[in-house]
Amino acid sequence: MARKGKDGESLAPIIIKKVKKGGHGHHGGSWKVAFADFATAMMAFFLLMWLMGSTTEEQKGAISEYFNNPSAVPGTSTVPSPTSIHGPGGASTSMIQLGGGMELHTASDNPEAPPAQVVNDEEAEKRAEQLDQERLNSLMRALKEAIDAREALAKFKDQILLDITPEGVRIQIVDHERRPMFPLGSSRLEEYSAKILYELSNIINNVPNRISISGHTDIKPYIANNYSNWELSADRANAARRALVTGGLPQEKVGRVVGLASSVLLDSAVPDSPVNRRISIIVMNRRTEEAIMHENGTLLSVMPPAATEAGSTPVAESEAREEGAAAPVTAAMAPIAG
């Protein structure tokens, strides 16, 4: 109903609008995720600071070296280096002391201690060659002592020849006129020769070097269909290999087995001499092993430079042999199969 004023005039109606205010809209929880990530990062940071504060200088150096070179060998990574200035891979092998992780790790607190030595690749190779040579010399001494001390070897010492060649330590087991290693024309080992190989396997197994086995015959031809001295010498070399493995030598230590027939005579003056029928075992040095693994060609590729000079001969050491046995043989007279 319209209102009227004091003078009777009608007044406009008063309209009151009531606005109902709703609640605040949902703003989402993404800020909570961000805050949780921030809190986690801060906790990890303070934990890292606490751990670094409680470590020694040596431990810090080891940690730093791990991130510079994550491999088991200092200065060598499993991944090739992208540039030549970083050495063969991973951390630098430079002789310059850069103050990195390896220097911290190897630093000594003793002022009187000698300074840490940085070994380059060439020096490391020389040391490895020297260690390998010392190991083979020790093997030679052990073989000599065993031949004198062990009954299975002492009885046949006139048939066991020892010498050092550019390929390593060579052990040759030769036939005796009245005591052959194999029956005539056969690759079956006699009982005594199998025992010799069993004893030798125990001694050879004391060094990590791999071995090479070669079979040899005399000049007398073997007459049979599709079977000659080449097949016979190879079969005899494999028979020796089986005997060594039976004696305890791991199969993976055999690096090469060959048959050479009569192509490399021990006594070239008497081609049909019993000593030409033999088994030759080489305990190979590192140089020869690498040449075989990479198939680097001829025997001269593994000889040190001095061994190929005119008039030079390798060191030869042979056991005393009974009268009638072959004279000591150098590598030039009887090169090893390869």
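Reader: What percentage of the residues of the chain count as buried?
Author: The model is a predicted one. In it, 31% of the 338 residues count as buried.

Reader: And how many helices and strands are there?
Author: The chain has 8 helices and 7 strands.

Reader: Contacts next. Taking residues at least 6 apart in sequence, what share of contacts join residues at least 24 apart?
Author: That share is 67%.

Reader: Where does Asn-226 lie?
Author: Asn-226 is in the loop between β5 (211-216) and α7 (229-246).

Reader: Buried or exposed, Asn-226?
Author: Asn-226 counts as exposed because its relative accessibility is 77%, and the cut-off for exposed is over 50%.

Reader: What about Ala-261, what is its phi?
Author: Ala-261 has a phi of about 50°, which is positive although the residue is not a glycine.

Reader: Which loop is the place of Ala-261?
Author: The loop between β6 (254-259) and β7 (278-284) holds Ala-261.

Reader: And is that one buried or exposed?
Author: Ala-261 is buried, with a relative accessible area of 3%; buried means under 20%. Asn-226, by contrast, counts as exposed.

Terms used. Residues are numbered from 1 along each chain as its sequence is written. This is a predicted model: local features need pLDDT of at least 70, side-chain atom pairs count only at pLDDT 80 or more; totals for chains, interfaces and linings use all residues. Side-chain values use heavy atoms; hydrogens and water are left out. Helices (H or I, at least four residues) and strands (E, at least two) are DSSP runs, numbered from the N terminus. Buried means under 20% relative accessible area, exposed over 50%, partly exposed in between (1.4 Å probe, protein chains only). Contact means heavy atoms within 4.5 Å.
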